[in-house]
Amino acid sequence: NDLFDLDGIIVSSPTFTHYDYLKKLRNYKGYLLIEKPIVSKKEQSKKLLKYPENWRKKTLINYNFNHSVLFYELKKILKIKKFGKPVNVLISTNHGLAFKKNNNWRFEEKKCRGVGEMNTCHFIKFATDLFGEIDKFSRYENNYAKNNLKKNFDTINLSLITKKKVFVNIFNSYATPFMNYMKIFFTNCIVLYDGEKLTIHYPRDVFDKNNRYKFPPKIKVK
């Protein structure tokens, strides 16, 4: 009850516990910051959408990747007409957590669906905020580590088509070597991100001495 006197509350517990806390906080008047994703189950999400509008306006889900330098830089790039329209987005962030000896709730089947729930949700939010809401999608998941303690999905490949006709492919894994990578094809440029720097390659129509297309020159590094 002491929490109800606070201006703001952070809910950063394991995802499967969020809903019970949020039921207790339904009448809370302050600000809420909730670790992503907000809940694990679809029916819980539907119930939260029925909470008072003022409660929802004062609640923020911690999709912190959407407050990154990369996100804001891409928003600027999308407004540059000479680069053309976005066509295809490839996102891959991976590391070998599933092969580490330590175990936690993220690998317990009854508590978490796995890498898709914990990691891919970031990039769904990232992609839809930049390239439009989802129109169609297909999802493939597997467990490659085959650890007796870690039985849920450690790898996911998610393919989306947005309502703006942008193709998005997201590959996330807890069972491969580390990589943080993004490539975006526009009709007249390519944007690459390697986890440390972003480069823009422009324009499309660049030719070699035999008049064949070649990779566009680098015009910006950030």
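What we are looking at is a predicted model, in which local features need pLDDT of at least 70 and side-chain atom pairs count only at pLDDT 80 or more, while totals for chains, interfaces and linings use all residues. Residues are numbered from 1 along each chain as its sequence is written, and side-chain values use heavy atoms, with hydrogens and water left out.

Let me begin with the salt bridges, of which the structure holds 12. One of them joins Lys125 to Asp129, with the closest N and O atoms 3.4 Å apart, and both residues lie in helix H5, 4 residues apart, about one turn of the helix. Helices here are DSSP runs of H or I with at least four residues, strands are runs of E with at least two, and they are numbered from the N terminus. An α-helix has 3.6 residues a turn, so residues three or four places apart point the same way. Lys125 is partly exposed, at a relative accessible area of 32%, where partly exposed falls between buried, under 20%, and exposed, over 50%, using a 1.4 Å probe and protein chains only. Another salt bridge, between Glu53 and Lys57, spans 3.5 Å from N to O, and Lys57 is exposed, with a relative accessible area of 63%.

Now to helix H4, residues 69-78: which of its residues are buried? They are Leu70, Phe71, Glu73, Leu74 and Ile77. Seen down the axis of H4, these fall within an arc of 165°, so they line one face of the helix; the arc is that of the directions from the helix axis to the C-beta atoms. Val69 and Lys76, on the other side of H4, are exposed. Glu73 also takes part in a network of salt bridges with Lys220 and Lys222.

The buried residues of H4 pack against helix H5 (115-131) and against strands E8, E9, E10 and E11. A nonpolar core means a set of buried Ala, Val, Leu, Ile, Met, Phe, Trp, Tyr and Cys residues joined through side-chain atoms within 4.5 Å. In the largest such core, of 27 residues, Leu74, Phe126, Met182 and Val191 touch the most other members, and H5 gives the largest share, 5 residues. Leaving aside neighbours within four places in sequence, Phe126 is in contact, meaning heavy atoms within 4.5 Å, with residues including Leu70, Phe71, Leu74 and Met182. Apart from this core lies another, of 13 residues, among them Val11, Tyr19, Leu48 and Tyr51.

Definitions and conventions. A salt bridge is a side-chain nitrogen of Lys or Arg within 4 Å of a carboxyl oxygen of Asp or Glu.
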